[in-house]
Amino acid sequence: MTSLWKSLVENPMRKMNSRNYSMMNYKYYLSCLIVFVIYGCGNVKYLDENEYLYVGGEVEVEGEDISNDTESLLEENMESLLRPQPNTSFLGLRPKLWFYNIAGDSVGDSGIRHWIKNTLGEPPVLFSDVDMDYNAELIQGYAENTGFFNARARADSTENNKKVTAEYTVELGDRYTLREINFPTDSIPLTADIKKTQENSFLKEGDPYDLTAIKDERVRIDANLKEEGYYFFNPDYLLAEVDSTVGGKEVSLDLVLKDITPKRAKEQYRINRIYIYPDHSITGDTIPENSPEGETFGDLTIFDPDNNFKPSLFDRSLLFEQGELYNRTDHNKSLNRLVSLGIFRFVDNQFKVSDSAANTLDAYYYLTPMPKKSLRLELLGKTNSANYAGSEVNLSWSNRNALRGAELLTISAFAGFEVQVSGQNQGYNIFRIGSEANLTWPKLLAPFPIRSSSAFVPRTRATLGYEYQARTRLYGLNSFRSSFSYLWKENAQIEHRLSVMDINYVSPFNVSDLYQEQIDLNPNLGRIIEKQLIFGPTYTFTFTNTMRTEKKHTFYFQGGLDLAGNITGLLTGADIDSGDPVTIFGVPFSQYVKVDTDFRHYWSLNRKMDLASRIIVGTGLPYGNSRELPFIKQFFVGGVNSVRAFRARSVGPGTYNTEVEASSFLPDQSGDIQLEMNTELRANLFSIVEGALFVDAGNIWLMNENPDKPGAEFSKDFLKELAVGTGIGLRFDLQFLILRTDLAFPIRIPYLPEGERWVWGDIDFGDSSWRQQNLIFNLAIGYPF
């Protein structure tokens, strides 16, 4: 393999002299290359005579009266304890070990071979490094900690072609269960409060003995006590006494207070004084000497001599009140709210026993502010599956404390261009320039005060933006947008966004004669340059528990409701079917109801493999002053994050064939109804490389018949009109981003005659014409969902 590697590195690739090179020869040489690579990646030939490569350990448990699921879980958990871990493998190969070996021994301190050996490679894990007796004791201890007190483990090994597998057998014996659980009975308030928590105990009579569950129970009790003012208590003050001599393969468990438990850990504490230092320096003293006198605001004492912050900011952010029992919920929520304000680089909180009142705590908050103002410049490169490439520059200025109440004022400007490098739109490039201003308050602005007890600060945001877009030789668009929104989170999983008013106005200019001629040939192109006035409230609900990585099944759901022009349409009696649309300042306003949902399910199959699925359902009902949704509010299918076997926005609507628009500039197809389904099997292959197999399906439809787009109207046969594609992908986890490459091809084309839409029989990877017409390469940042 070393000679093959050198030839690949040292000899430049020869160009093919003929485009008619035989496919048979191509497959032959490819097969030979694969065989040589697999053969050469055998790493055992680099071992010394008495060395053996360790390829992993296997655990087999033997026990009666345990389910297959329990047996598999025990084996998986025990195998995770084995040390050392073998070399990283992929499909039976060990590429990192191969890189290490082919780099050779004398690599020096720099150079390509040094980089290969120390960055791409990893040294061999030898069987001599494995302490099998230690591993046997480790997994036997694990079995005992899960209730198999009489477990016995033994170790053996098998060798094949200098590769050794360690084999461990665990005879479990009987599993002990909990006969009774007794909580402390001392006659002090602390034990009474511990006893109150027993109803929600993790430990139940009849459950198997489990040391982890006992530890979790101590933590649970401590968490409950922290809510009742026991600031100085901790789980280590609880002792679990287990008696396994009660018979019947059962144990008695007594939770008792340790004798060493200090007096203050048994007492409840209340909040006394609350001190805030909003301009604290982490390099200075915790409590500055000769500190100026603080300003009293309610229960707070604030040391802000420069008057940088309004006192009401801290009154809203901190949930503690003087005289209340200390509790961890308000403690953590207050810290989280201070951090989420976005104006403090560091937030430090200390509680000290007060010297002015018995059993009370003084709370200190030391806040280190970020720079008030900042300027940021970004240069972005862009590409998409519609063959557009381009760049964009963004310049933004921010003031994190614009009105002394942690209000965030951001003013940004951007400019960019997109050039289609291939396809029907070459030469018709897009240039964009615009600006946007946002002012965000860390509270809900309303005629009456609204106090939130969430761990997350609610926000009110006002936005005003403008964008100028010019398409070379075709047309230009002026777009104005303004909104006033409320954003709040109930908890880490549930978020709401309510835009009381969201206004969009789009106006065309400089429409060229060339584009007007195309509109005459294809009226659908006219929709893109229609004047549009859209106003009304929108609401978005989001739920996710995907941050719970310990769960086997996690979910994400987002639902949106968009109501445009409804009250105005009602007041004006707008009815486009009875005549011309009602206009405001000469522009017809849009009237519709739109609902869209995005549901995702993530199934963790094992430590290295996940199954991700998504279903998107959306529908818009235009009525009154509109026959169709405005173009910018319609649904689209196809592209890097959609049905990846089809170009961006090229699917549908319905069975409408976009190829009839051969003269059109834009392939974008839009609809009033959307259905899309995706599923993707993701696997960690090795190092930073992940692989994926996926299937996508979807389409869009129009709510009403359009004579210019036959087959586009939604009907009862919509499931027969789905576009379906499949493919494979590689993802590269670069820590700061995920670089995604997907290669997809269609297996069902909706615009073909019914009965001919499945195109399995046409698949021919050896046909260059088929590859050119069907293989779609997608390059993107991040996962598709």
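Helix 3 and helix 6 are oblique to each other, a word for angles that are not under 35 degrees (roughly parallel), over 145 (roughly antiparallel) or 65 to 115 (roughly perpendicular). This is a predicted model, where local features need pLDDT of at least 70, side-chain atom pairs count only at pLDDT 80 or more, and totals for chains, interfaces and linings use all residues. Residues are numbered from 1 along each chain as its sequence is written, and side-chain values use heavy atoms, leaving out hydrogens and water.

Two packed helices are described by the angle between their axes and the distance between the axes. Here the axes come within 9 Å and cross at roughly 140°, with angles running from 0 to 180 degrees between N-to-C directions. Here is who takes part in the contact (heavy atoms within 4.5 Å):

| Helix | Range | Contact residues |
|---|---|---|
| Helix 3 | residues 68–81 | L74, N77, M78 and L81 |
| Helix 6 | residues 132–145 | N135, L138, I139, Y142 and A143 |

By class, this contact of helix 3 with helix 6 has 7 nonpolar, 2 polar and no charged residues.

Finally, T360 sits in strand 11 (residues 360–369). T360 is buried too, at a relative accessible area of 9%. Leaving aside residues up to four places away in sequence, T360 touches Y269, R270, N272, K352, V353 and S354.

Key
Helices (H or I, at least four residues) and strands (E, at least two) are DSSP runs, numbered from the N terminus. Ala, Val, Leu, Ile, Met, Phe, Trp, Tyr, Cys and Pro count as nonpolar, Asp, Glu, Lys and Arg as charged, and the others, Gly among them, as polar. Buried means under 20% relative accessible area, exposed over 50%, partly exposed in between (1.4 Å probe, protein chains only).
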